[in-house]
Amino acid sequence: MGGTEHLSVRREGATLVLTLNRPEAKNALSLPMLVGLYDGWLEADADDTVRSVVLTGAGGAFCAGMDLKALAGKGMAGEQYRDRLKADPDLHWKAMLRHHRPRKPVIAAVEGYCVAGGTEILQGTDIRVAGASATFGLFEVRRGLFPIGGSTVRLPRQIARTHALEMLLTGRPYTADEAARIGLVGRVVPDGTALDTALDIAERINACGPLAVEAVKASVYETAEMTETEGLAAELKRGWPIFDTADAKEGAKAFAEKRPAVYRRE
C-alpha cells in the first residue's frame with residue numbers, strides 16, 4: 001500500500017481511505033501529497049478488491065488549497081517527487097482529479113477548511129459529506145488568480161450557474177449548510193462524523209455488484225453532455241452487458257434465497 005509523508009493510505013474492508021496529512025498546514029497541497037494522491041487513484045483502480053475510495057483530511061481540515069512553497073520544493077519535496085513531476089508534467093492535474101477519473105466511486109469526507117484547491121478536488125469526487133462547521137469556497141479571484149483546477153468548467157455543470165458564478169466571482173466562503181443548499185455537497189452531518197458517514201456510504205456501495213457500480217458511474221459521466229437520445233443509446237450499450245454477468249445472476253439468486261450476495265466481478 002502506497003502513501004507519502006503527506007498522504008496516508010489505509011484499507012477499511014473493501015474501501016481505500018486516502019487521508020491528506022499535513023494538519024499543521026490545514027492539508028495544503030504539496031508535491032509529496034499530489035504524488036501520493038495520484039498513486040492512490042491508480043492503486044484503487046488496479047486492485048479489484050477495492051470497491052470504493054474515501055478521501056478525507058487529517059487534523060480537522062480537508063484541504064486549504066495549494067502550498068506554493070511546498071510545490072516549488074523548498075524544504076519539503078524530495079528529489080524523487082520532483083523527478084515524478086518531471087517524468088509526468090500532468091501528474092498534479094491527475095492527482096487533483098482534473099485529468100483523471102477513477103473507475104471506483106470516490107466519497108469525500110470533509111471537515112473544516114475545504115477551500116481553493118480543496119473545493120476544486122471536491123468537484124472531482126462523486127459523493128460528498130461535510131461536517132457542520134466545514135467551510136468551502138474558491139478564493140482565487142480575491143488574490144487576482146484564476147481557479148484553474150477545473151472550476152470554471154465543472155462547477156456550472158454540477159450546481160446552478162447563478163450559484164457557480166457567485167462562488168467563482170465573489171471568492172467568498174460558504175458554510176456547509178450553504179454548500180448543501182446549492183448542491184455542492186450531498187449531506188451535512190455533525191462535526192467529527194463526516195468520515196464515519198462516508199465509510200457507511202462506502203460500505204453500502206461495497207455490498208453492491210462491483211461491475212454494475214462501475215458501469216453506472218461510467219454511464220453517468222459518459223452521457224452528461226450528450227443529447228437525451230445519444231445518452232439513452234449509450235446507456236443501453238453500457239448497461240445491457242451487465243445483465244449477462246455471473247454477478248447479475250448471483251444478485252437474483254441471493255435475493256430469492258434471502259441472503260447477502262457474493263459478487264466475484266464475473
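Select glycine 124 and show its neighbours: setting aside residues up to four places away in sequence, Gly124 touches Leu97 and Arg154, where contact means heavy atoms within 4.5 Å. The model is predicted, so that local features need pLDDT of at least 70 and side-chain atom pairs count only at pLDDT 80 or more, while totals for chains, interfaces and linings use all residues. Residues are numbered from 1 along each chain as its sequence is written, and side-chain values use heavy atoms, with hydrogens and water left out.

Stay with glycine 124, which lies in the loop between α5 (117-122) and β6 (127-131); helices here are DSSP runs of H or I with at least four residues, strands are runs of E with at least two, and both are numbered from the N terminus. Glycine 124 is buried, with a relative accessible area of 14%, buried being under 20% (1.4 Å probe, protein chains only).

Next, colour the three strands that form an open sheet in the order β5-β7-β8, with mixed pairing; two strands pair if DSSP finds at least two bridges between them. The edge strands are β5 (113-115) and β8 (174-175), each of which pairs on one side only. Strand β7 (residues 135-137) runs antiparallel to β8 and is joined to β8 by two bridges, and on selecting phenylalanine 136 you will find it opposite tyrosine 174 in β8.

Conventions:
Buried < 20%, exposed > 50% of the residue type's maximum accessible area, 1.4 Å probe, protein only.
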